[in-house]
Amino acid sequence: MPQTPPFTGPLGTNSYNKNLYQTKEEGYAALYYHDNNLVSGSLEALIHHLVPTVDYYPDRTYIFTFLLSSRLFIHPYELMSKVCHLCVENQRLSDSQADKMRIRKIAPKILQLLTEWTETFPYDFRDERMMRSLKELTHRLASGDEVYRKAVGQMSQGLIRRLTVLSQYEEALVKINATAAERLTALKAKPQAAIQRDMLSICNDPFTVAQQLTHIELERLSYIGPEEFVQAFVQKDPLDNDKSCFSDHKKASNLEAYVEWFNRLSYLVATEICMPVKKKHRARVMEFFIDVARECFNIGNFNSLMAIISGMNMSPVSRLKKTWSKVKTAKFDILEHQMDPSSNFYNYRTALRGATQRSITANSSREKIVIPFFSLLIKDIYFLNEGCTNRLQNGHVNFQKFWELAKQVSEFMTWKKVECPFEKDRRILHYLLTAPVFNEDALYLASYESEGPDNNMEKDRWKSLR
């Protein structure tokens with residue numbers, strides 16, 4: 001699970017990992033455990049369990065799991081408000097005469113919790129209400145001691161830096177998409193002008209192209225917040241009369257942007273194959289992308305691999321029988337076998353486990369790369385969410401489900417932190433991100449012009465497209 005180093009001073013292991021719940025107020029339902037594992041509890045009890053005291057700090061895996069899943073029941077800004085209230089009231093931080101020794105004991109723990117929240121879920125703090133609560137609480141902590149003032153300053157600067165980087169990334173995506181749209185418009189205006197520019201004219205080395213695809217994948221993965229997996233499936237809480245907790249305030253759309261990148265790459269591959277007039281050139285492009293896909297597999301970049309296979313399996317490409325007859329397909333057959341969807345993608349899951357194991361024992365940064373087939377990861381999380389209820393019959397939060405959810409998301413968190421070890425090639429990256437991409441109709445039209453219609457249905461479709 002994602003972890004943040006402790007703020008300062010030794011917090012004993014017992015206080016870190018102690019998961020015993022000791023309420024000071026009557027009326028809160030207890031937390032329920034099985035074999036020392038938390039399995040359920042009321043939302044209020046779970047919130048209390050998140051808040052540190054002088055002699056208690058929540059387990060880090062609990063912090064991540066609860067911050068990830070709580071948004072299914074309560075807005076992050078509401079949770080932050082409750083946490084602040086509990087910290088102030090329980091530790092009597094509102095008392096101007098508060099015992100300085102007491103503040104010195106509790107302040108590092110509260111700061112540690114806030115640091116873990118701001119570092120792991122920074123997008124929550126795009127909400128002004130979150131920032132307001134954060135500032136109020138940190139102001140109380142910082143008012144009494146220079147050490148805490150400095151720590152609060154560092155935490156705030158780190159949060160602002162992360163949010164600034166996200167904003168810059170979002171602006172860059174808008175520019176890239178605008179450039180891609182302009183180039184497609186130019187291609188439609190002068191179709192013959194674009195023929196001389198294709199992937200092979202930019203770079204004919206499949207190893208280099210696979211490495212540049214890995215750059216794009218890792219950059220886009222790195223901006224996906226863990227909470228985006230939860231907000232993708234968020235539904236109205238049956239015990240809450242309000243709207244769903246995330247629908248009105250979505251803080252980031254990096255998950256959607258990443259799915260769009262997969263679709264773009266699939267259509268780019270299909271476009272590159274269908275565009276050339278000569279059969280020999282089309283076959284060469286096919287073999288080139290098969291080699292790129294094979295290198296993606298070797299790197300551990302399963303998302304680009306699947307996008308390339310998807311592009312080559314699109315109907316406008318798969319129907320080019322004369323072109324395929326010129327291609328040595330043995331390597332492609334092996335790759336298709338690896339990504340075969342039968343038995344719930346058994347072959348791919350085996351390869352993913354192998355790549356994950358390699359990553360754990362890696363000696364070089366290249367061996368650490370694991371880029372999952374993203375649509376399947378989302379599907380797995382979706383079925384986990386759909387297959388288990390969020391609340392038990394007694395109204396308690398089903399925390400067993402959220403341990404499992406957090407386990408899947410935290411594995412992804414490890415993968416997204418890997419830095420790409422390959423040298424960047426700006427020219428190739430620019431082409432991959434902005435080259436004109438045909439839609440399905442344009443692909444069919446180009447395909448029929450390359451190899452004429454085979455049957456009446458294809459002839460009718462060709463007529464309707466011309």
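## Close-up views of pockets, a cavity and a helix pair

**View A. The second largest pocket of the predicted model.** The second largest pocket has a volume of about 590 Å³, in a structure that is a predicted model. Its lining is made up of 23 residues, and those lying nearest the centre of the pocket are Leu187, Met275, Phe438, Ala442 and Ala446. Helix 7, helix 11 and helix 21 (440–450) are the elements that give two or more residues to this lining. By class, the lining of the second largest pocket comprises 18 nonpolar, two polar and three charged residues.

**View B. The largest pocket and the helices that line it.** The largest pocket holds about 910 Å³ of space, and among the 32 residues lining this pocket, Val165, Leu218, Glu219, Ser222 and Tyr223 are the closest to its centre. At least two lining residues come from each of helix 5 (100–120), helix 7 (146–189), helix 9, helix 19 (399–416) and helix 20 (426–434). Divided by class, the lining of the largest pocket has 15 nonpolar, eight polar and nine charged residues.

**View C. The crossing of helix 9 and helix 11.** The axes of helix 9 (residues 206–222) and helix 11 (residues 254–274) come within 10 Å and cross at roughly 160°; because angles over 145 degrees count as roughly antiparallel, helix 9 is described as roughly antiparallel to helix 11. The crossing in which helix 9 passes helix 11 is left-handed. On the side of helix 9, the contact is made by Leu213, Ile216, Glu217, Arg220 and Leu221, while helix 11 contributes Ala257, Tyr258, Trp261 and Leu265. Sorted by class, the residues of this contact between helix 9 and helix 11 are seven nonpolar and two charged, with no polar residue.

**View D. The cavity found in the structure.** A search of the whole structure finds one cavity of 30 Å³ or more, and about 40 Å³ of space lies in the largest cavity. The residues that line the largest cavity are Leu72, Phe229, Val230, Phe233, Ile381, Asn385 and Leu405. Helix 10 (227–231) and helix 18 (374–387) are the elements that give two or more residues to this lining. Six of the lining residues of the largest cavity are nonpolar and one is polar, whereas none is charged.

Terms used
Residues are numbered from 1 along each chain as its sequence is written. This is a predicted model: local features need pLDDT of at least 70, side-chain atom pairs count only at pLDDT 80 or more; totals for chains, interfaces and linings use all residues. Side-chain values use heavy atoms; hydrogens and water are left out. On a 1 Å grid over the protein atoms alone, a cavity is a set of points where a 1.4 Å probe fits but cannot get out, and a pocket is an open set with protein on both sides within 12 Å along at least five of seven lines; lining residues have an atom within 4 Å of a point. Grid points are joined across faces, edges and corners, and a volume is the space filled by probe spheres set on the points. Helices (H or I, at least four residues) and strands (E, at least two) are DSSP runs, numbered from the N terminus. Ala, Val, Leu, Ile, Met, Phe, Trp, Tyr, Cys and Pro count as nonpolar, Asp, Glu, Lys and Arg as charged, and the others, Gly among them, as polar. Axes are lines fitted to C-alpha atoms, for helices over the stretch in contact, and angles run from 0 to 180 degrees between N-to-C directions. Angles under 35 degrees count as roughly parallel, over 145 as roughly antiparallel, 65 to 115 as roughly perpendicular and the rest as oblique. A crossing is left-handed if the near helix is turned anticlockwise from the far one by less than a right angle, and right-handed if clockwise. Contact means heavy atoms within 4.5 Å.
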